Amino acid sequence: MIRLERRASASRFWVWATPVVAVALTMIFGGLMFLLLGKNPVEVIRTIFWDPLFGEFAWYLRGQLLVKAGPLVLIAIGLSLGFRAGIWNIGAEGQYIMGAIVGAAVGLAFFPTENRWIFPVMVIAGAFGGWAWAMIPALLKTRLNTNEILVSLMLVYVAQVILAMASTGFLRNPEGSGFPGSRNFSNYPAAGNPELIAGSGLHWGGVTAIFVAIAAYVLLQRHILGFQIKLAGQAPRAARLHGVVPQRLIVLCMGISGALAGLAGLFEVTGPAGQISIDFNVGYGFTAIIVAFLGRLNPLGIVLAGLIMALTYIGGEMAATNLGLPSAAVQAFQGMLLFFLLGVDVLTNYRIKLGGAA
Amino acid sequence: MLRRTLLASAALGLSLMATGSAMAQDKVKACFVYVGPINDGGWTQAHHVAVLKTQEHFGDKVEIMWQENVPEGADSERVMTQMALGGCKIIFTTSFGYMDATNAVAAKFPDVKFEHATGYKREHPNVTTYNARFYEGRAVNGTIAGMMTKSNKIGYIASFPIPEVIQGINSSYLHAKKVNPNVEMVVVWAFTWNDPAKEADAAQALIDQGVDVIFQHTDTTAPLALAAKTPGVIGFGQARDMEEYKPSPRVSSIIDNWEAYYIKRVQAVMDGTWESQDSWDGLAAGAVGIGEITGVPDDVKAAAEKVRDDIIAGTYHPFTGPINKQDGSVWLADGQVATDGDFAGMNFYVEGIKGDIPQ
Amino acid sequence: MGDINLSVLIASLMVASVPILLAALGEMVTEKAGVLNLGVEGMMIMGAICGFIAAVGTGSPLAGFIAGAAGGAGLSLLFALLTLGFLANQVATGLALTLFGLGLSALMGQGYTGIKPPATVEIDFGTLTDIPFLGRVLFSHDWVVYFSLFMVAAVWWFITRTRAGLVLRAVGESAEAAHALGYKVARIRLAAIAFGGAMAGMGGAYISLIRVPQWTDGITAGAGWIALAIVVFASWRPVRVLVGAYLFGGITVLQLNLQAAGSSIPVEYLSMAPYLVTIVVLVAISAGKGRKTDAPAALGQNFHSVR
């Protein structure tokens with residue numbers, strides 16, 4: 001019989017090898033699914049994994065990977081700090097929306113003034129919007145002992161209604177003859193967030209994501225706060241003995257993740273999305289939860305996980321357009337990839353042993 | 001099913017060519033960006049049905065490509081760019097939310113024609129906007145509603161407060177009122193286009209409040225299914241005929257018919273006669289269809305068909321004065337006919353409708 | 001404000017709440033065993049499509065519900081394989097399950113749009129339905145409404161009154177301790193996960209077979225997430241799951257009724273109301289209870305026995 005035996009420490013080899021094995025397994029099983037759907041599996045898999053990186057239009061799509069991965073990484077890193085400390089913010093989607101609304105509202109209030117300080121102020125406002133939205137579950141948790149999972153999740157739906165109000169009401173483009181949607185930031189240079197190098201896909205959001213990933217890495221490795229976060233998650237009682245105040249940690253971690261989600265929203269709405277509209281949010285706040293765990297809650301792992309997710313989105317989209325694959329098949333394929341990535345990960349910490357009990 | 005498989009294999013062959021050898025020059029590649037899944041039972045499905053008919057019409061002279069479930073914003077811009085890079089000659093973007101992205105991508109590909117549904121921005125000479133006059137269909141169904149209601153309360157499940165939806169509410173109400181001065185309109189905002197359970201809840205709430213005719217500007221058959229359970233309550237098919245609820249509670253329907261337009265525009269690209277325009281076709285051009293009217297008395301059917309025929313003949317416009325705004329101020333004087341500009345961005349209720357438009 | 005008939009409102013909310021009530025009850029049992037499965041939405045929609053296909057194929061709504069339960073349970077076994085077998089992270093696996101379920105259901109549902117499933121009729125209680133107030137509230141529903149109420153009682157009885165329920169809770173409080181006492185942690189958790197999946201699947205089938213009834217991609221539209229929130233709201237107690245589901249469903253129905261009745265409260269605030277009221281009520285319940293939490297202590301933690 002097969003059983004698992006815990007390794008004394010995580011295997012260095014498997015830390016790097018598991019993603020490769022998982023991708024290979026996904027290709028086999030996903031390929032079978034594509035075959036059942038009447039597609040050429042080699043073709044589909046090449047379109048998903050190869051073409052965005054090295055195909056004919058890779059010069060365009062590589063940049064798009066950054067556009068897609070940027071917000072995922074930014075949000076996931078914030079979430080990972082809380083998850084490590086055992087704080088469950090699953091409402092990043094709402095914080096993302098509120099960051100976008102508050103930041104955009106500040107920018108649009110200045111329209112059409114051109115001033116180089118407008119964008120920085122919007123960035124602060126965006127972070128504030130996300131932070132404030134996250135403070136609601138944080139303070140309800142610390143003051144009134146209300147479960148943060150429920151509150152943060154419910155506030156996503158509230159934020160969505162506010163977003164609809166913003167796009168059909170208080171942020172609606174006054175020159176849009178009654179149609180929903182705000183002004184487009186690409187027509188307002190002082191408040192816009194364009195590509196920093198044309199064609200690179202890199203905008204301030206991507207830059208911030210890279211910076212935040214490094215900062216989070218340093219924080220967790222070198223700073224006392226990082227130590228407290230890890231300790232609070234692993235051994236809450238020991239943490240208290242070490243002077244960690246749980247309430248402060250909750251407010252801090254929720255605040256950081258909310259602010260980063262708000263930033264992601266602000267960068268998205270001023271850059272790639274371009275405007276506040278009813279459906280401008282596309283679920284980054286939820287996908288980022290997967291990215292956080294896929295990256296093993298490690299900042300550098302999260303960057304890689306974010307890029308892999310972005311690759312499957314863009315490659316999957318290409319497979320759907322070019323090969324006529326139903327977009328549902330792409331979704332199922334993504335799910336499979338995640339299953340394998342999560343399942344194979346067991347090899348990092350465990351050995352597989354054949355035979356009876358030792 | 002068979003048609004889809006055939007098409008899919010055609011698309012497969014097509015992409016092999018695109019990535020491999022040079023493409024056949026005489027073929028026009030027409031591409032479509034959808035906001036929902038192709039079988040959503042409503043808006044996107046109506047587009048896709050038209051696309052399949054377009055393919056059938058042109059046979060192998062045209063290659064079709066589509067992408068479903070494309071979110072608005074950055075994702076739609078990427079999909080359009082990929083399509084343009086991939087050799088699409090004309091790209092139809094079928095959701096209002098694609099408006100700015102369509103114009104942004106059009107700027108980068110001046111040789112590709114872009115057609116944006118339901119928007120108003122044409123910032124470049126290679127962008128056209130197109131829409132359908134759904135409010136004309138609402139006028140026909142509003143007439144049925146006014147004559148059929150026993151409780152004198154008709155309900156409207158609205159999605160989002162945008163001009164197209166508000167036109168529909170006003171047109172339905174005005175025409176119900178015309179044949180039944182006692183009629184009252186009840187609007188419920190669902191804040192969704194496609195959430196079956198919520199639409200069912202909304203329909204139930206309307207029925208609980210004594211409504212016996214339900215309009216919907218959302219995609220699913222949930223309201224009709226509820227109407228089917230409640231004797232005396234009727235509704236209308238939306239976007240497609242919803243013939244599975246014939247003859248009642250579905251007594252009529254508004255059918256989105258995009259195929260004539262798609263065939264015309266793709267043909268224009270083939271002929272080299274394509275030009276930027278703003279197209280807003282209605283019943284007359286067949287862009288909006290009224291499904292078979294069933295399960296109502298003959299006089300009701302005749303009255304509704306007369307409204308339909310008058311609109312088609314051009315002798316009647318659904319927004320003809322006197323019409324006042326909700327606050328009592330004059331919108332259209334007696335006999336005055338609204339111009340397109342008067343109601344393209346409609347954001348007010350007409351006199352007699354209670355409640356506020358959320359904004 | 002217009003007039004809203006209370007008995008009609010209650011009858012409506014009982015129907016509207018069934019999907020989240022069933023799914024939340026199942027998820028509560030799963031979580032009682034210490035397993036956090038965030039894939040409720042995915043399991044619900046698998047139940048919705050499996051139930052729909054079976055009901056259309058056989059012409060029997062009952063077969064549809066059984067198939068719906070099987071579909072939800074089937075997907076949950078994938079979750080069990082990953083989290084119990086390969087010790088994968090529960091939160092991420094659950095989210096992946098939702099993604100996979102949404103995709104797979106849409107693939108399976110191709111060709112099932114625009115079809116009406118066989119109808120489930122309300123049970124005929126004869127003259128009982130004519131009793132003022134109570135007749136409408138209690139005797140005007142289809143069998144699943146009564147089944148969902150029965151399941152509340154059954155789950156309550158199982159958790160609080162049976163030895164098996166005690167073992168289940170022990171596993172959720174401390175898998176190590178339960179293991180040391182000789183209980184098969186993995187097997188118990190497997191059963192709890194499958195039960196949660198089956199209940200979510202039935203909840204989904206209720207949407208596609210009775211509540212809507214039709215098939216479209218993404219038909220559950222987030223009901224699974226609400227079910228997860230209801231479990232938390234209920235502090236992992238069966239009867240409070242009922243309260244939570246009826247509160248949420250009730251406010252949803254009420255806000256739509258208020259709109260339909262021409263209430264002067266702005267629509268946007270009414271639309272937010274179900275979420276805000278749920279938060280406020282939870283705050284009121286949880287305030288002043290000190291630092292104690294009701295969550296199973298081992299929730300979300302995988303367990304690996306050394307033997």
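## Terms and model

In sorting residues by class, Ala, Val, Leu, Ile, Met, Phe, Trp, Tyr, Cys and Pro count as nonpolar, Asp, Glu, Lys and Arg as charged, and the others, Gly among them, as polar. This is a predicted model, where local features need pLDDT of at least 70 and side-chain atom pairs count only at pLDDT 80 or more, while totals for chains, interfaces and linings use all residues. Residues are numbered from 1 along each chain as its sequence is written, chains are lettered from A and ligands numbered from 1 in the order written, and side-chain values use heavy atoms, without hydrogens or water.

## Cavities

A cavity is a set of points on a 1 Å grid over the protein atoms alone where a 1.4 Å probe fits but cannot get out, and its lining residues have an atom within 4 Å of a point. The volume is the space filled by probe spheres set on the points, which are joined across faces, edges and corners.

The whole structure has 6 cavities of 30 Å³ or more. The largest holds about 90 Å³, and its lining includes A:Trp88 and C:Trp236; by class that lining has 9 nonpolar, no polar and 1 charged residues. The second largest cavity, of about 70 Å³, has B:Asn39 and C:Asp217 among its lining residues, which divide into 5 nonpolar, 4 polar and 2 charged.

## Domains of chain B

An automatic or database assignment gives chain B domain 1 (2-132) and domain 2 (134-256 + 288-343). Their C-alpha centres lie 31 Å apart.

Terms used:
1 Å grid on protein atoms, 1.4 Å probe; cavity = no way out; pocket = protein on both sides within 12 Å on 5 of 7 lines; lining within 4 Å.
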